[in-house]
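Here is a short briefing for a reader new to this structure. Please look over the sequence and the model first.

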Amino acid sequence: MSLAEYAREHGLKRVGAREPFFEYLKHAWQRRDFAYIMALYTNQANNAKNRLGRWWIVLLPTIQAGVYGLIFGVLLGSTRPENFIPYLFTGVFLFSFLQGAFASGATAVTGNLGLVRSLSFPRILLPANAVIQQIFSLLPQLGLLLVTLLAFQQPLTWAWFALIPIVLLMVMFGFGLATISARLTVHVADLNKLIPFITRIVFYVSGIFFSMEKVLSGYPLALQIAKLNPVYVYISLARGAVVDGYSMTAELWISAIAWAFGTLIVGLWFFWKAEERYGREI
Amino acid sequence: MAAKSKPQQKPVVVVDDVHIVYKVFASGRRATRGSAGGGLFARKLGLREVHAVKGVSFTVFEGESIGIIGSNGSGKSSLMTAIAGLNPVERGSIYASARPMLLGVGAVLLPAISGLKNILLGGLAMGYSRKEISANADAITKFAGLEEFIDLPMKTYSAGMSARLRFSIAASRDHDILIIDEALAVGDQEFRNRSEARMRELRDNAGTVFLVSHSMKSILDTCTRVIWIEKGELKMDGDPKKVVAAYNKHTGSTTID
């Protein structure tokens with residue numbers, strides 16, 4: 001009798017074996033507190049490093065939006081989109097969430113190898129923790145955005161409530177993105193070097209500070225392709241909800257829902273496939 | 001083989017021909033003769049394979065406490081992390097009746113937050129509910145002997161203090177299979193006595209304990225069986241006194257400590 005048969009006969013299970021997909025997700029869900037508490041404490045620890053602490057969560061994007069507003073506002077001159085400041089702030093804040101989810105997802109496993117090698121838990125909690133941290137930064141930014149909107153005399157309408165499902169869809173998309181980047185950097189650590197460039201490119205092609213419709217008005221095909229970009233979709237939808245002069249179209253909603261569910265499902269599955277691999281050297 | 005001589009006992013861990021291989025990017029500059037990759041002056045960046053564990057097999061039965069000995073770099077810790085399911089094996093398999101819990105000096109918690117918060121976080125990572133941990137937090141703190149310091153960030157702790165906290169978190173609940181990897185070496189004498197007592201308690205509650213240590217004294221004090229691993233291979237497996245004596249002869253030590 002081989003050892004394997006002997007082990008099976010006594011009801012032993014193979015250690016570290018990957019669970020079936022839905023069981024894995026169920027287990028991860030049972031341990032969600034870990035991802036949440038870890039995100040909370042990591043945030044607290046990060047904030048404790050500076051004198052201004054958590055104010056930086058709001059200060060940093062404000063400064064960033066201010067700098068972009070100043071530079072692009074002047075540069076673009078009369079080609080500025082309507083309602084420029086609310087337009088820009090919506091773009092910059094939502095973009096910073098998606099960018100953060102992608103970049104912190106990339107280091108979620110590779111940056112926590114110590115944890116991965118000392119405790120066993122569903123590894124998907126690591127990208128989940130990364131995304132929860134980004135949500136903690138996003139919430140005060142959304143508050144700031146609403147204050148800005150009121151300050152610029154945007155009329156308060158029922159459409160603002162559409163921001164809730166939009167943010168939910170965006171979080172789903174961001175989590176999917178984080179799980180994908182988390183696994184990719186495990187296979188190819190070099191990808192971490194390229195991430196700043198990827199996010200830069202996406203920043204420039206997503207119409208954060210300019211109007212894609214205006215710039216690409218002479219090229220209908222290019223505009224069609226550019227509109228498939230999920231970052232553009234979420235930001236445009238949010239602008240449609242809160243910024244005066246922009247509207248939410250059915251096309252945008254369909255895109256937003258498709259990207260959210262598609263990316264999340266692909267991401268979860270993709271991450272789960274390599275569950276046994278995390279913690280290995282290369 | 002142990003599996004065949006004691007068929008009436010219930011096995012809890014079966015290690016079946018396990019190989020562990022690490023692949024690392026390393027420059028091929030090795031001065032040793034006869035090794036692949038060229039001599040001292042070859043400058044190439046190559047993928048190097050380190051064969052840490054080479055075909056180890058053994059079976060562990062319920063209620064045993066196993067001492068694992070061997071020199072540094074012999075593959076003890078690699079094997080233990082593999083048993084805990086944290087380190088994928090290249091070939092072979094490891095079977096266990098429950099998920100083994102590894103407790104090592106390398107266990108990383110968040111250094112910037114307080115010891116108390118780390119207790120909560122460590123407990124959650126191990127799969128306990130928030131309620132269970134809050135109920136146990138005081139006992140864990142007391143066991144670690146860190147009552148005065150528990151609200152300070154863990155980065156202010158000494159190596160011994162944080163190792164004590166980690167041990168206390170992991171040992172706070174009964175595990176069916178517990179692996180302790182040199183975690184006790186850093187604690188002071190008082191803590192060592194307390195943790196050895198706790199280990200015996202864990203073992204008596206039908207748990208199985210693996211202890212990796214360089215202290216032959218604590219191996220002889222706590223273990224019922226010793227496995228000696230040398231250069232990734234199982235060199236000896238059996239009665240603690242015999243194996244430790246052979247190991248001491250091999251290393252050239254005359255006293256047992």
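Predicted model: local features only at pLDDT ≥ 70, side-chain atom pairs only at ≥ 80, totals over all residues.

**Confidence in chain B**
- The pLDDT of chain B averages 80. At least 70 is reached by 84% of the residues.
- Among the elements of chain B, strand E8 (residues 225-230) has the highest mean pLDDT, at 92. Helix H1 (residues 2-5) of chain B has the lowest, at 46.
- Residues 1-6 of chain B have a pLDDT below 50. Beyond near neighbours in sequence, this stretch makes six contacts in the model.

- A:Ala238 sits in helix H12 (residues 230-242) of chain A.
- A:Ala238 counts as buried because 25 other C-beta atoms lie within 10 Å, and 20 or more are needed.
- Leaving out residues up to four places away in sequence, A:Ala238 touches A:Thr90, A:Leu94, A:Leu163 and A:Ile166.
- A:Trp160 is 78 residues from A:Ala238 in sequence, yet the C-alpha to C-alpha distance is 8.7 Å.

**Helices H8 and H13 of chain A**
- Helix H8 (residues 163-187) of chain A packs against helix H13 (residues 250-273) of chain A. The angle is about 30°, and the axes are 8 Å apart.
- Angles under 35 degrees count as roughly parallel, so H8(A) and H13(A) are roughly parallel to each other.
- H8(A) passes H13(A) in a left-handed crossing.
- Residues in the contact include A:Phe173 and A:Ile180 of H8(A), and A:Trp259 and A:Leu264 of H13(A).
- By class, this contact of H8(A) with H13(A) has 18 nonpolar, four polar and one charged residues.

Note on methods. Residues numbered from 1 in each chain as written. Chains lettered and ligands numbered in written order. pLDDT = per-residue confidence, 0-100. Helix = DSSP H or I, 4+ residues; strand = E, 2+ residues; numbered from the N terminus. Contact = placed C-beta atoms within 7 Å. Buried ≥ 20, exposed ≤ 12 C-beta atoms within 10 Å, placed from the backbone. Axes fitted to C-alpha atoms, helices over the stretch in contact; angles between N-to-C directions. Parallel < 35°, antiparallel > 145°, perpendicular 65-115°, else oblique. Left-handed = near helix turned anticlockwise from the far one by under 90°. Nonpolar A, V, L, I, M, F, W, Y, C, P; charged D, E, K, R; others polar.
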